Amino acid sequence: MEEKVRIGISSCLLGNNVRWNSGHKLDRYLTDTLGQFVEYVPVCPEVEAGFGVPRESFRLVGDPENPRLITFKSKTDHTDQMLGWARKRVRELEKENLCGFIFKSDSPSSGMIRVKVYTEKGMPEKKGVGMFAREYMDHFPLIPVEDDGRLHNPQIRENFIERIFTLKRWRDDVAKKPGMGKLVEFHTRNKLLILSHSQKHYRLMGKLVAEGKKIPIKELCGQYERHLMEALELKTTAKKNNNVLQHLMGYFKKQLTADEKQELLEIFDQYRRNLVPLVVPITLINHYVRKYDQPYLKMQTYLNPHPVELKLRAFL
Ligand code: SF4
């Protein structure tokens with residue numbers, strides 16, 4: 001990759017003292033681990049929209065689909081100020097080449113899901129979306145988003161990281177300067193990664209690329225990108241990964257001894273029964289890819305989708 005993956009992030013997660021009470025919500029995984037491989041673009045909606053630090057805290061109030069942003073004690077309505085700023089800010093963020101955004105959970109400004117919205121009588125319902133997060137997600141519907149809370153779940157974390165690295169590769173390799181040859185090469189390299197998420201998208205995208213010459217290249221790439229991001233958002237499962245592993249084994253039919261095949265099948269079975277994590281069969285397959293110099297598999301992103309230092313694929 002030419003440069004680090006650029007990720008938007010709620011500023012308080014980086015340890016910046018921007019919260020209403022002058023505190024922060026430092027997340028060490030995001031700063032110390034993921035932070036080695038990404039470049040963060042911090043955004044604090046409440047500070048950037050002009051509310052200062054410290055400030056009165058906010059709540060969402062009213063219709064969960066269209067709530068108002070109200071201060072907790074003085075009950076002042078700041079919806080218009082926040083929305084005006086957020087609409088301008090998302091347009092500015094177009095220039096930042098973001099491949100993802102990590103939001104602070106539960107915030108009336110930054111929360112992306114299940115944020116408390118209060119009825120006029122003061123009863124909370126976890127049905128809202130923070131004001132800035134909503135504007136951001138409406139403006140960039142294909143860019144992966146997550147929040148700090150959900151990222152503690154290993155499967156959600158892995159899925160998000162896979163998507164941001166894939167989107168970066170897509171932009172670097174194809175979208176910057178679209179061409180049919182580049183699209184075919186990208187698709188070839190990412191086939192098994194796509195298959196590990198969705199057989200339906202794997203077939204559909206294969207057909208799209210095969211018949212691609214009928215469609216103007218920019219439109220074709222737009223369609224491909226949409227399918228790609230939709231596919232990768234779908235969860236991988238042990239069943240889906242097992243299917244890909246069997247597929248991978250097929251490439252070594254002639255080279256592997258009966259004993260080596262047996263060992264691989266035993267490890268696939270252990271993975272299927274949740275006794276070993278996905279990284280175990282993948283490591284063995286990578287060993288054979290290197291040993292038997294399999295050129296098609298060498299290029300497969302499925303075998304190496306993100307930096308090993310992130311220690312992913314340990315729980316699937
Ligand atoms: S949650 Fe959002 S608005 Fe609140 S301090 Fe963090 S970045 Fe700022």
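In which segment is Ala-314 found?

Reply: Ala-314 is found in the segment after helix 12, the helix that covers residues 295–298. Keep in mind that this is a predicted model. The relative accessibility of Ala-314 is 32%, so the residue counts as partly exposed. That value falls between the 20% limit for buried and the 50% limit for exposed. Now take Met-299 as a reference point. Met-299 and Ala-314 are 15 residues apart along the chain, and their C-alpha atoms are separated by 22 Å.

Step back to the whole chain. It has 316 residues, and 49% of them count as buried. Twelve helices and eight strands make up its secondary structure. The C-alpha trace spans about 75 × 45 × 35 Å along its principal axes.

Next, helix 10 and what follows. Asp-269 lies in helix 10. Asp-269 and Pro-281 are twelve residues apart along the chain, with 9.6 Å between their C-alpha atoms. Asn-274 is in the loop that joins helix 10 (258–272) to helix 11 (279–291). Asn-274 is not a glycine, yet it has a positive phi of about 65°. At 57% relative accessibility, Asn-274 counts as exposed.

Other backbone details deserve a look. Arg-114 also has a positive phi, about 50°, and is not a glycine either. Its place is the loop between strand 5 (100–103) and strand 6 (115–118). The peptide bond from Val-53 to Pro-54 is cis, with omega near -10°. Pro-54 lies in the loop between helix 2 (45–48) and strand 3 (58–61). Why point these out? Most residues other than glycine have a negative phi, and most peptide bonds are trans.

Now the aromatic side chains. There are 16 aromatic pairs. In one of them, the ring centres of Phe-101 and Phe-103 are 4.3 Å apart and the planes meet at 20°, so the pair is stacked. The cut-off for stacking is planes under 30 degrees apart. Both Phe-101 and Phe-103 are buried. A further pair, Phe-186 with Tyr-224, is edge-to-face, with 6.1 Å from centre to centre and 85° between the planes. This pair links distant parts of the chain. Phe-186 is in helix 6 (residues 180–195) and Tyr-224 is in helix 8 (residues 217–233), 38 residues apart. Phe-186 and Tyr-224 are both buried. Phe-101 and Phe-103 also belong to one aromatic cluster, together with Trp-85, Phe-132, Tyr-136 and Phe-140.

Last, the ligand. The space it takes is the largest pocket. There are 13 residues around the ligand. Ser-11, Cys-12, Cys-44, Ser-107 and Ser-110 come nearest. By class, the shell has five nonpolar, four polar and four charged residues.

How values were computed. Residues numbered from 1 in each chain as written. Predicted model: local features only at pLDDT ≥ 70, side-chain atom pairs only at ≥ 80, totals over all residues. Heavy atoms only, no water. Near = heavy atom within 4 Å. 1 Å grid on protein atoms, 1.4 Å probe; cavity = no way out; pocket = protein on both sides within 12 Å on 5 of 7 lines; lining within 4 Å. Sits in = over half its atoms within 2 Å of the grid points. Nonpolar A, V, L, I, M, F, W, Y, C, P; charged D, E, K, R; others polar. Phe/Tyr/Trp six-rings, centres within 6.5 Å; stacked < 30°, edge-to-face > 60°. Buried < 20%, exposed > 50% of the residue type's maximum accessible area, 1.4 Å probe, protein only. Helix = DSSP H or I, 4+ residues; strand = E, 2+ residues; numbered from the N terminus.
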